[in-house]
Each structure stands twice: as structure tokens, then as C-alpha cells.
Amino acid sequence: MARRHPHALPSAELDDRLRSHGLRATRQRRAVHAALARHHDHPTAESLHREVRRRMPGLSLATVYKALEALVRAGASGRIVHADGVARYDARTDQHDHRRCLRCGRVEDLELPHRPDRIADIPGGTFSITGYRLELLGHCARCAAAGRPTVTQHSFSRRGETR
Ligand SMILES: [Zn+2]
Ligand SMILES: [Zn+2]
């Protein structure tokens, strides 16, 4: 099992964080957060479900989704949603950037220093800019080596149907 993410909320602080947002610190929420905190690869709810279910056999996918919603609301998890409609979760709650593989959907952290000055030159007009997100798009080494086709938005436009 991977090392706990150094930027994840410490488990000792999770209960207080949930309660301060009016949310109960349930066994399921603790288990989902503990699993997420060992990930550095922004897992989907489905993959977290497969993992946590091994220790909590009755755990449903719906409960994992609800636990993740609670963690996001409490600021204990980030959520990354892309045009393909697949949400990925991030134990890191600090400001950081990502790179995303257009072939397999894998999302990795970019270790770039936070640069608030990056937005200083962007004309905001009447829009007051409070932050930014940077996402690099491309192909991960594994997909590039395997020659996998790029996933287009179209291929996800009718989910559940085969291409
Ligand atoms: Zn890839
Ligand atoms: Zn991240």
C-alpha cells in the first residue's frame, strides 16, 4: 500500500473538519478518506469503492459517492470533473496543478510553485479573479508507448453505448 499523501488532511483532523461543516464523521467517510489519502493518482469513486469494499464488504458504491461528497464539502478532498463526465478525487487540498492524459484519463500532480502573479496580466474586465487552475493535456508515457487512441469527447457523449 502506498505511503500516505503528505498533503492529505491528517486523519486526526478529519472528524473535526467534518463536524465543523455539520457533517457526521462516519466509519464509511473515515475509510474512504483513508483510502483516498494513500492515492497519488486521483482515483475515481469506482476504484475507491473496489478498494474500500475489501475491508467493508457491505459498502455500496452510492455510499462511497456520498462519503466523497461529504469530504469535498468539508474541504477534505478535491474533485476534478472533466468534459468526459468522470469525476476524480484528490486527497490534496493545497493549491496545485495537474496534467491529464487524453488517452486513459489519468491525472497527475504537477509540482509547480504556486504563482498568483500568473493571473495578474489576465484582463478580468468586470470579473474579479480569485484563483486559477492549470491543467496540461497530453499523453502519458504508458499510453504513448501503447499507441492507444486519444479519447475524444464524442466517445463519451452517449455513455453506456459502445462506440
Ligand atoms: Zn494515459
Ligand atoms: Zn492533484
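I count two strands as paired if DSSP finds at least two bridges between them. The model I looked at is predicted.

**Strand pairing**

I started with β3, residues 97–101, and β5, residues 135–138. They pair in the parallel sense, over four bridges. I then looked up Cys-101 and found its bridge partner in β5 to be Gly-138.

Next I checked β3 against β4, which covers residues 107–110. This pairing is antiparallel, again with four bridges. For Asp-97, I noted Leu-110 as the bridge partner in β4.

I also read off the connection. β3 and β4 make a hairpin, and five residues lie between them. Gly-105 sits in that turn with a positive phi of about 85 degrees.

**Gly-22**

I moved to the loop between α1 (11–20) and α2 (27–36), where Gly-22 is found. Is Gly-22 buried or exposed? I get 9 C-beta neighbours inside 10 Å, so Gly-22 counts as exposed. The cut-off I applied for exposed is 12 or fewer.

I then took a distance from Gly-22 to Arg-73. Their C-alpha atoms are 9.9 Å apart, while 51 residues separate the two along the chain.

**Whole chain**

In sequence order I read α-α-α-α-β-β-β-β-β-α-α.

How many of the 163 residues count as buried? I get 20%. Last, I took the contacts between residues at least 6 apart in sequence. Of these, 57% join residues at least 24 apart.

Notes. Residues numbered from 1 in each chain as written. Chains lettered and ligands numbered in written order. Predicted model: local features only at pLDDT ≥ 70, side-chain atom pairs only at ≥ 80, totals over all residues. Helix = DSSP H or I, 4+ residues; strand = E, 2+ residues; numbered from the N terminus. Contact = placed C-beta atoms within 7 Å.
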